[in-house]
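I opened a new page for this structure. My plan was to begin with the whole chain and then go into the details.

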Amino acid sequence: IADSSSNSNDGTITNGASDDIVQQMVAGYDMGAFESTGQEFNGELVDTNASTFEGTSTYAWGAYGSNTIVNDSNTLKITRVDNNQGAYWFLKNASDLSTNLVVGTRYLLSGDFLTTDASKTYTVRVSNVSQDITHSGLNNTSFVTKTFEFNAQHATDVFLVVESLSGSQVVKVDNLSLKEEIQSPNLSDTHPAIIDVNEPVL
């Protein structure tokens with residue numbers, strides 16, 4: 001909008017005179033409609049090699065009791081020996097993440113899991129201090145992806161556990177991912193943006 005009045009006060013009304021200022025449209029731009037309703041995420045927090053178990057390392061995973069964990073062709077292989085809780089992985093910087101969790105921040109964790117014996121079930125669970133997010137009764141012998149959404153209650157004491165194993169059951173893990181969720185407001189721009197191209201200062 002441009003000031004086309006005859007005075008020199010750059011758009012200030014003097015004595016309330018209605019003819020003291022005349023404005024005209026210089027440029028109007030319809031910025032279009034924008035709407036975002038889906039989830040949005042920041043970048044990957046799991047170290048690249050640890051996510052897919054590259055090489056021969058089991059990375060920061062730990063086994064309960066005398067259970068064993070090995071890197072089996074770029075997957076984590078957990079074998080029960082004497083403890084129904086198979087193995088665990090802490091979500092923190094010292095354990096294959098690029099940073100510690102931020103308390104109160106919402107995260108999405110995902111991973112691929114299978115058992116080699118369909119007659120035995122297993123459970124995957126995220127322990128988030130006072131909250132558990134659990135997928136139980138699993139007996140799939142091909143990899144399936146399980147997801148866990150949570151608001152972190154601790155910076156370094158949230159962990160993933162594979163448990164409820166029996167006999168000499170084997171469970172494998174692969175393709176771990178952890179991302180911070182970004183709030184996705186439902187935005188809708190239904191009004192045109194009116195801009196003074198000569199003095200575009202609001």
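I looked up the contacts first, counting heavy atoms within 4.5 Å as a contact. Of the contacts in the protein chain between residues at least 6 apart in sequence, 67% join residues at least 24 apart.

I noted the ground rules next. This is a predicted model, where local features need pLDDT of at least 70, side-chain atom pairs count only at pLDDT 80 or more, and totals for chains, interfaces and linings use all residues. Residues are numbered from 1 along each chain as its sequence is written, and side-chain values use heavy atoms, with hydrogens and water left out.

**Overall make-up**

I found one helix and 15 strands in the protein chain. These are DSSP runs numbered from the N terminus: helices are H or I with at least four residues, strands are E with at least two. I then checked burial. Buried residues make up 36% of the 202 residues. Buried means under 20% relative accessible area, exposed over 50%, and partly exposed in between, with a 1.4 Å probe and protein chains only.

**Helix 1 and Ser-51**

I turned to Ser-51, which lies in helix 1 (residues 48–52). Is Ser-51 buried or exposed? Ser-51 is buried, with a relative accessible area of 11%. Its side chain reaches the backbone oxygen of Leu-176 at 2.5 Å. Leaving aside neighbours within four places in sequence, I listed Val-46, Asp-174, Asn-175 and Leu-176 as contacts of Ser-51.

**Strand 8**

I looked at both faces of strand 8 (residues 87–90). Ala-87 and Trp-89 form the covered face, while Tyr-88 and Phe-90 form the uncovered one. Which strands pair with strand 8? Two strands pair if DSSP finds at least two bridges between them. Strand 5 (residues 62–63) runs antiparallel to strand 8, joined by two bridges. Ala-63 stands opposite Ala-87. Strand 13 (residues 158–163) is also antiparallel to strand 8, over four bridges. There, Trp-89 stands opposite Leu-160.

Notes: Polar contact = N/O pair within 3.5 Å; in protein donor to acceptor, adjacent residues only side chain to side chain.
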